[in-house]
Amino acid sequence: MVRDRFGKKPLFYHPSAEHFIFASEIKAIKPFLSSVRMNDEALHSYLSFLAPTPPHTFFEGIEKLESGEWLCYERGNITKHRYYDVLQAPSSGITDSADAIRLIDEHLHRSIRLRLPCEVPAAALLSGGLDSAMICAVAAAQGVKLPVFTLGYDEYGAYDERSNARITADYLGLEHSEVVISRGDFDEHLDELIAHMDEPLNDPAALPLYLLMKKISSEGYKVVLSGEGSDELFLGYRQYFEYLDIEKAASLHHKNWLKKYFHSHFSMNREWEWYKRIFDDTLLFRTSGEKFTDLQQNMLLRRNVRDNESLRFLAPYREMFEQSSHTHPAQWYSMIDLKLFVGEHFLAKLDRVSMAHTIEARTPFLDHRLAEAAMSIDPGLRIGKGETKSLLKEVAGSYLSEEIIHRKKKGFSNPYMEWLIASGRIDLIREVNTQTGLFHPEMVDKYLEMARRGRFKQHVWGLYVLSHWIKRELL
């Protein structure tokens, strides 16, 4: 059994004395379990990183392959081997900016040409951002005008990207459809979406994307192109640059005094945790998807969680990085995010919500030759002057307007917490906790109160999705 290089498709298995069962969905394997029990390792890695890390799933007895890994089952024995590692790309192999831009352009063209089907109708997702615009622009340069679909929220303008997407679609001359989602859609479809996911996955964008795929499918499209992977390859998150800045504090001469100060002045804010790690000489960056820190989990769970305990889930990847030719922190950021934030979180979501509507999602930025080229570029060139996606924006200059290239990134945000509160569904977290005693009730109350004030919203969404699964599978 082989899983693809970046984890675009899942692969689950259940070994036992009598049989070896494998499938692309957990629900196909679950009937072979003698009983359903929660895997504690999956719980801890989920709270830490939004999704269980390989080989764990929430179902004790069911495991998953990681991206770039194969498994051989022979006469009751299992052998696993990692056959692909994006860090095999040479470190700083490309040091000239013009060469880097030309190479990105060539690989993006080749990747998109490879993924444009001629046998079935295809469309593309279009947000207000650069990634989806670039996919559509390069396809148009190849003579393919992809129909595009954009999400909107009538009652919540702050989350709405339709106007920006419309500008891009008009600029490229694309047929543009807008799908507007309401609180009624949220209430009606949330349970079926969570059932399709099989196990907890902390991504509030899953439901809007599920409904968008439903609309695209109803229009007869069988393939959708999406922009996953671009942020990780081209440093598209502002926080990457914040981490790079904080890394410098490791060389401060008087950091022992600061270490004592931070240890005696606990804060729930993520910046506190970042500086504490630097002064403790421990790993700072632990994926863009890190949510509950170990200390937060210790306060929440009715069990002891030691500080830095979650590092055990990252240890194999950190070892891969340290054995590679790459040393710059930005290379670590990209590598671990491709492995976990993309491979186990974004791509898991994309696969479940697209296949629920018999759509094949294709991700041109996650072409392995494009990814290897990006990782071969000198980190200084990738970072540039501290602007996100500086190299990709240079490439985009040949295809898109300055307005489209440089407008502010919104991300795939939506009013999930407003809807969760207004629907009363948020009370499920307290209800399930009363039955299980999994969390300290006072900390649950604290998180719920903070979510009502617009803070720690994704933490609370993660608790809701977890509670939903526990109620369905264990209670």
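Author: Below, we cover the core and then the salt bridges.

Author: This is a predicted model: local features need pLDDT of at least 70, side-chain atom pairs count only at pLDDT 80 or more, and totals for chains, interfaces and linings use all residues. Residues are numbered from 1 along each chain as its sequence is written, and side-chain values use heavy atoms, leaving out hydrogens and water.

Reader: How many residues has the largest nonpolar core?

Author: It has 157. A nonpolar core is a set of buried Ala, Val, Leu, Ile, Met, Phe, Trp, Tyr and Cys residues joined through side-chain atoms within 4.5 Å. Buried means under 20% relative accessible area, exposed over 50%, partly exposed in between (1.4 Å probe, protein chains only).

Reader: Which helix gives the most to this core?

Author: Helix α14, residues 329-355, with 14 residues. Helices are DSSP runs (H or I, at least four residues), as are strands (E, at least two), numbered from the N terminus.

Reader: Switching topic. How many salt bridges are there?

Author: The structure holds 45. A salt bridge is a side-chain nitrogen of Lys or Arg within 4 Å of a carboxyl oxygen of Asp or Glu.

Reader: Are K276 and D280 buried or exposed?

Author: Both are buried. Their side chains meet in a salt bridge at 3.7 Å, N to O. Both lie in helix α11 (residues 270-280), four residues apart, about one turn of the helix.

Reader: Which residues are linked in a network with them?

Author: E273, R277, E290 and D307 are linked with K276 and D280 in a network of salt bridges.
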